[in-house]
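Q: I would like a close look at a single part of this structure. Please take it step by step and keep it brisk.

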Amino acid sequence: MKKLTWFLEFAAIVLTALALMPGGTPLLAVSAGDKPAAGASVKIDNFSFGPADVNVPVGTMVTWTNNDDVPHVVASDDKLFKSKALDTDDHFSYTFTKPGTYVYYCSIHPKMTAKVVVH
Ligand SMILES: [Cu+2]
């Protein structure tokens, strides 16, 4: 019972501190003008990129996550970006700043190909 009381007191202190924080939580402090970059994600699983075709507006950050139990690399055909070897659950992000079609592949398994279309 003593432990529970201590926990409740601690929780009350934390909640009070949060309520007194100037400007509210950091999330609420982001001004309307600072829209976070839109994101898209691609999963790597069973030796393939999914979805294989991603269609996104300029400025989008695409994040690849390796769900496979073997390492993969995300490398663009035109050498615009190349990840390190991604182990299971590792991820790699790239922000596309110009329109175009970006074909990429896995440099360890070159038959794995996919593309990002930026408009
Ligand atoms: Cu691979």
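A: W64 stands opposite F92 in β6. Two points come before the details. The model is predicted: local features need pLDDT of at least 70, side-chain atom pairs count only at pLDDT 80 or more, and totals for chains, interfaces and linings use all residues. Residues are numbered from 1 along each chain as its sequence is written.

Start with the strands. Strands here are DSSP runs of E with at least two residues, helices are runs of H or I with at least four, and both are numbered from the N terminus. β4 and β6 pair in the antiparallel sense over five bridges. Two strands count as paired if DSSP finds at least two bridges between them.

Now the sheet. Four strands form it, in the order β2-β1-β4-β6. The sheet is open, and its pairing is mixed. β2 (48-50) and β6 (91-95) stand at the edges with a single partner strand each, so one side of each has no neighbour in the sheet. On average, neighbouring strands of this sheet are turned by 20 degrees against each other, direction ignored. Such angles are taken between axes, lines fitted to C-alpha atoms (for helices over the stretch in contact), and run from 0 to 180 degrees between N-to-C directions.

Next, the core. W64 is one of the residues that touch the most other members of the largest nonpolar core, along with V42, V62 and V74. That core has 15 residues. A nonpolar core is a set of buried Ala, Val, Leu, Ile, Met, Phe, Trp, Tyr and Cys residues joined through C-beta atoms within 7 Å. Buried means 20 or more other C-beta atoms within 10 Å of a residue's own, exposed means 12 or fewer, and partly exposed lies in between, with C-beta atoms placed from the backbone. β1 (39-45), β4 (61-66) and β8 (113-118) each give two or more residues to this core.

Leaving aside neighbours within four places in sequence, it includes A40, V42, V54, V56, Y94 and V116. Contact means C-beta atoms, placed from the backbone, within 7 Å.

Finally, follow the chain past β4. D68 lies in the loop between β4 and β5 (75-76). D68 is partly exposed because 19 other C-beta atoms lie within 10 Å. D68 touches I44, D45, N46, F47 and T88, not counting residues up to four places away in sequence.

How values were computed
Two residues are in contact if their C-beta atoms, placed from the backbone, lie within 7 Å.
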